[in-house]
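The exercises below ask you to work from the coordinates to a description of contacts and of a pocket. Try each task before you read its solution.

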Amino acid sequence: MRAPIVGSVLLAALGAAPLPAQQDHAGLSVFAGPTLAWFGGSDAAQSSPRVGIALGIHVHSPLGKGVSIDPDLTFAYKGSDLTAVPGSSVEAVLNAQLWYLELPVPLRYSMGRPDALRFRLYAGPYIAILAGCTGKIQVASTVFTQSCSDFPNPVDTSQTFDPFVGWDAGAVAGAGAGIPLLGIRLEVDLRYEQGFVNLERDSKGGALYNRMFLLGVGVPF
């Protein structure tokens, strides 16, 4: 009689115990998506947004209770069709395409189970190096299309003058969701980046800053 009684008690206890929560695991994902970039700052009389692309690899590092540190390495297009304020060091630049290798390190808060539909908010700093820059510059009535490092100096066309510094840093903020779909998990994010570094090599008291939206779609692996 004792064995059936003990077995019944154990089964009742197991039935009353809560199921273990789905664990949030560290992992990697790749992502890509369109960007919308432009220049802000006192030297941007007019900056028309440009559509580009970004791609990268994302690292998910859980800290517990829905909080994680999620750095990623992003190759992103920025730049703009620019009408600059007269007298600025970039007044002759008609447009510029700038490619950056960026390292955002945001703190993320996620809501929902890791194996179900899950929403998240995040914010943090980023730092970036300029990987490439091309554009058009007008000197007098001549338009040059080439690498920014080979732009002719508007004051002395026998010399070259790159108007942009080679790095950037700023803040990133965004929101997203993890969506289970057909046996895979899509990671969809919309983020905004605002640069704090003056991009002008010779600012003359003015400033240009990077601005960008990125709509990223990723999958873990």
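**Exercise 1.** Locate the disulfide formed by C133 and C148, and determine its handedness and what it joins.

*Solution.* In this predicted model, the sulfur atoms of C133 and C148 are 1.9 Å apart, which lies within the 2.5 Å that defines a disulfide. The next step is the torsion about the S-S bond, which is about -55°, so the disulfide is left-handed. To place the two ends, note that C133 belongs to strand β8 (residues 118-139), while C148 falls in the loop between β9 (142-147) and β10 (167-181), so the bond ties together parts that are 15 residues apart in sequence. Finally, both C133 and C148 are buried.

**Exercise 2.** Classify the ring pair F75 and W99, and then the ring pair Y192 and F213.

*Solution.* The structure holds six aromatic pairs, and two of them are worked through here. A pair of aromatic rings is described by the distance of the centres and the angle of the planes. For F75 and W99 the centres are 5.3 Å apart and the planes meet at 15°, and because planes under 30 degrees apart count as stacked, this pair is stacked. F75 lies in strand β5 (residues 72-84) and W99 in strand β6 (residues 93-104), so the contact ties together parts that are 24 residues apart in sequence. Their relative accessible areas are 32% for F75 and 26% for W99, so F75 is partly exposed, and W99 likewise counts as partly exposed.

For Y192 and F213 the centres are 5.0 Å apart with the planes at 45°, so this pair is tilted. Y192 is in strand β11 and F213 in strand β12, so the pair ties together parts that are 21 residues apart in sequence. With W38, these two residues form one aromatic cluster.

**Exercise 3.** Which residue has its charged end over the ring of Y100?

*Solution.* The residue is K78, whose charged end sits 5.5 Å from the centre of the Y100 ring.

**Exercise 4.** Describe the largest pocket by its volume, its lining and the elements that contribute to it.

*Solution.* Begin with the volume, as the largest pocket holds about 570 Å³ of space. Its lining has 30 residues, of which S29, H58, H60, R108 and E187 are the closest to the centre. Two or more lining residues come from each of β1 (27-40), β3 (50-64), β7 (107-111), β8, β11 (184-195) and β12 (209-220).

Methods: Residues numbered from 1 in each chain as written. Predicted model: local features only at pLDDT ≥ 70, side-chain atom pairs only at ≥ 80, totals over all residues. Heavy atoms only, no water. Helix = DSSP H or I, 4+ residues; strand = E, 2+ residues; numbered from the N terminus. Buried < 20%, exposed > 50% of the residue type's maximum accessible area, 1.4 Å probe, protein only. 1 Å grid on protein atoms, 1.4 Å probe; cavity = no way out; pocket = protein on both sides within 12 Å on 5 of 7 lines; lining within 4 Å. Points joined across faces, edges and corners; volume = space filled by probe spheres on them. Phe/Tyr/Trp six-rings, centres within 6.5 Å; stacked < 30°, edge-to-face > 60°. Lys NZ or Arg CZ within 6 Å of the ring centre and 35° of its normal.
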